[in-house]
Amino acid sequence: LNGTRTLLPINVGRGQIRVYTSGFTVTVSTEFGLNVQFDGSHRATISLPASFRNVTCGLCGNMNGELADEFQLPNGTVVSAEVEFGRGWKVYDGDEMCQDHCSGQCELCTEEQSVLYSGQNYCGFMDREDSAFNICRTTLPPQDFIQSCVLDLCASGGSMLMLCQAISTYSAKCQLHGLPSFAWREPGFC
């Protein structure tokens, strides 16, 4: 807190801000209803009460209920691609590791890795008709999640933890779309 390591839980401003852990998740909550949760690894969720509808902007969207205009750039332009949207909100801080375009050897995945990791025993599991995700596939097509999963696996050298986190993220997103919770983990798999 303010540059000092602090054990959780803590209350700041006489309880206006609370920071605490629950399981593996760190939560920051405010008295006005903002909740930010982070699992310490790959997933962050942010929620606000309905009273903030139509008064937000930025990476978290505008909360107007219209998905078509969620990817609005700071200049007001609406884009359709996630990468373009994220790039539009990027803060340039001189970090040479954070570049939009690569130079030299840039491919994360070999063709063999892409084929392997997009297969049904890896990231393609999210698109298998005989998997628990079948109830989610039509509401939330998994192709973008599979593509991200493949890149994560290539970057991590095929980490099974990374695979399970990617699939878990898709599962959580399915639930956010109003689908019921379902058991997707299988013996020997995640």
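Predicted model: local features only at pLDDT ≥ 70, side-chain atom pairs only at ≥ 80, totals over all residues.

Colleague: Which residues are buried in H4?
Modeller: In H4, the buried ones are Phe145, Ile146, Cys149, Val150, Leu153 and Cys154. Buried means under 20% relative accessible area, exposed over 50%, partly exposed in between, with a 1.4 Å probe and protein chains only. Helices are DSSP runs of H or I with at least four residues, strands are E runs of at least two, and both are numbered from the N terminus.

Colleague: What do the buried residues of H4 pack against?
Modeller: They pack against helix H2 (111-118) and H5. Contact here means heavy atoms within 4.5 Å.

Colleague: What is the mean pLDDT of the protein?
Modeller: The mean is 86, and 94% of the residues reach 70 or more. pLDDT is the predictor's confidence in each residue, from 0 to 100.

Colleague: How many residues are in the largest nonpolar core?
Modeller: That core has 23 residues. The ones with the most contacts inside it are Cys123, Met126, Phe133, Ile167, Tyr170 and Cys174. Helix H4 (143-156) and helix H5 (160-176) each supply at least two of its residues. The largest share, six residues, comes from H4. A nonpolar core is a set of buried Ala, Val, Leu, Ile, Met, Phe, Trp, Tyr and Cys residues joined through side-chain atoms within 4.5 Å.

Colleague: Tyrosine 170, then. Buried or exposed?
Modeller: Tyrosine 170 counts as buried, at 0% relative accessibility. Neighbours within four places in sequence aside, tyrosine 170 is in contact with Met126, Phe133, Cys136, Arg137, Leu140, Pro141, Pro142 and Phe145.

Colleague: How many aromatic pairs does the structure hold?
Modeller: Nine. Rings of Phe, Tyr and Trp (its six-membered ring) pair if their centres lie within 6.5 Å; planes under 30 degrees apart count as stacked, over 60 as edge-to-face and the rest as tilted. Phenylalanine 145 and tyrosine 170 make a tilted pair, because their ring centres are 4.9 Å apart and their planes at 50°. Phenylalanine 145 lies in helix H4 and tyrosine 170 in helix H5, so the pair ties together parts 25 residues apart in sequence.

Colleague: Which residues do ring pairs link into a cluster?
Modeller: Phe125, Phe133, Phe145, Tyr170, Phe182, Trp184 and Phe189.

Colleague: Now serine 168. Where does serine 168 lie?
Modeller: In helix H5. Serine 168 counts as buried, at 14% relative accessibility. Leaving aside neighbours within four places in sequence, serine 168 is in contact with Arg43, Trp184 and Arg185.

Colleague: Last one. What pattern does the protein follow along the sequence?
Modeller: β-β-β-β-β-α-α-α-α-α. That is five helices and five strands.

Terms used. Residues numbered from 1 in each chain as written. Heavy atoms only, no water.
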